[in-house]
Amino acid sequence: VLFRSEVRFRAVVKRASGERQDFSRDKLQAGFRKALHKRPVSTELMEEAIDRVVHKVLALGERGIDSRMIGEWVMAELKRLDKVAYIRFASVYRAFQDVDDFRDVIREVDK
């Protein structure tokens with residue numbers, strides 16, 4: 001597992017409240033697992049995507065990272081891995097309100 005000891009010294013700044021929480025690779029992995037549930041993506045590919053996000057967190061060199069930045073990185077990785085997983089994650093992350101929100105992201109994926 002990549003950088004596990006270094007990651008615990010990073011904090012995620014939550015977008016709504018400004019609250020700081022310790023960065024958690026396990027929480028990141030749980031988000032990927034939910035989005036990829038019953039999708040044809042290997043654990044190895046998922047772990048490589050998680051490692052890329054963790055690497056970006058570390059490469060910033062900041063002690064506090066905006067949760068929105070991490071969310072965007074996760075969405076980019078999911079978009080590469082599986083379009084359905086990407087749409088699942090985006091619907092929660094962007095708090096879709098109606099069918100039009102889904103249509104918009106589906107059009108984005110089709111491009």
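Mentor: Begin with burial: a residue counts as buried when its relative accessible area is under 20%. This is a predicted model, and 36% of the 111 residues of its chain count as buried.

Trainee: How much accessible surface does the chain have, and what share of that surface belongs to carbon and sulfur atoms?

Mentor: The accessible surface comes to about 7,000 Å², and carbon and sulfur atoms hold 51% of that area.

Trainee: Which secondary structure elements does the chain contain, and in what pattern?

Mentor: The chain has six helices and three strands. Along the sequence they run α-β-β-α-α-β-α-α-α. The radius of gyration is 14 Å, close to the 13 Å from the globule rule for 111 residues, so the chain is as compact as a globular protein of that length. Along the principal axes, the C-alpha atoms fill a box of roughly 40 × 35 × 20 Å.

Trainee: Which residues have the most contacts inside the largest nonpolar core?

Mentor: A nonpolar core joins buried residues of nonpolar kinds through side-chain atoms within 4.5 Å. Here the largest one has 29 residues, and L28, F32, I70, V74 and L78 have the most contacts inside it. At least two core residues come from each of α2 (25–35), α3 (43–60), α4 (67–81), α5 (83–93) and α6 (99–110). The most come from α3, which gives seven.

Trainee: What does I70 touch, leaving out residues up to four places away in sequence?

Mentor: I70 touches V12, F23, L28, V53, V57 and I65. For the chain, 51% of the contacts with a separation of 6 or more join residues 24 or more positions apart.

Terms used
Residues are numbered from 1 along each chain as its sequence is written. This is a predicted model: local features need pLDDT of at least 70, side-chain atom pairs count only at pLDDT 80 or more; totals for chains, interfaces and linings use all residues. Side-chain values use heavy atoms; hydrogens and water are left out. Helices (H or I, at least four residues) and strands (E, at least two) are DSSP runs, numbered from the N terminus. The radius of gyration is taken over C-alpha atoms; the globule rule is 2.2 Å times the number of residues to the power 0.38. Buried means under 20% relative accessible area, exposed over 50%, partly exposed in between (1.4 Å probe, protein chains only). Contact means heavy atoms within 4.5 Å. Accessible areas come from the Shrake-Rupley method with a 1.4 Å probe; for residues, only the protein chains shown count as cover.
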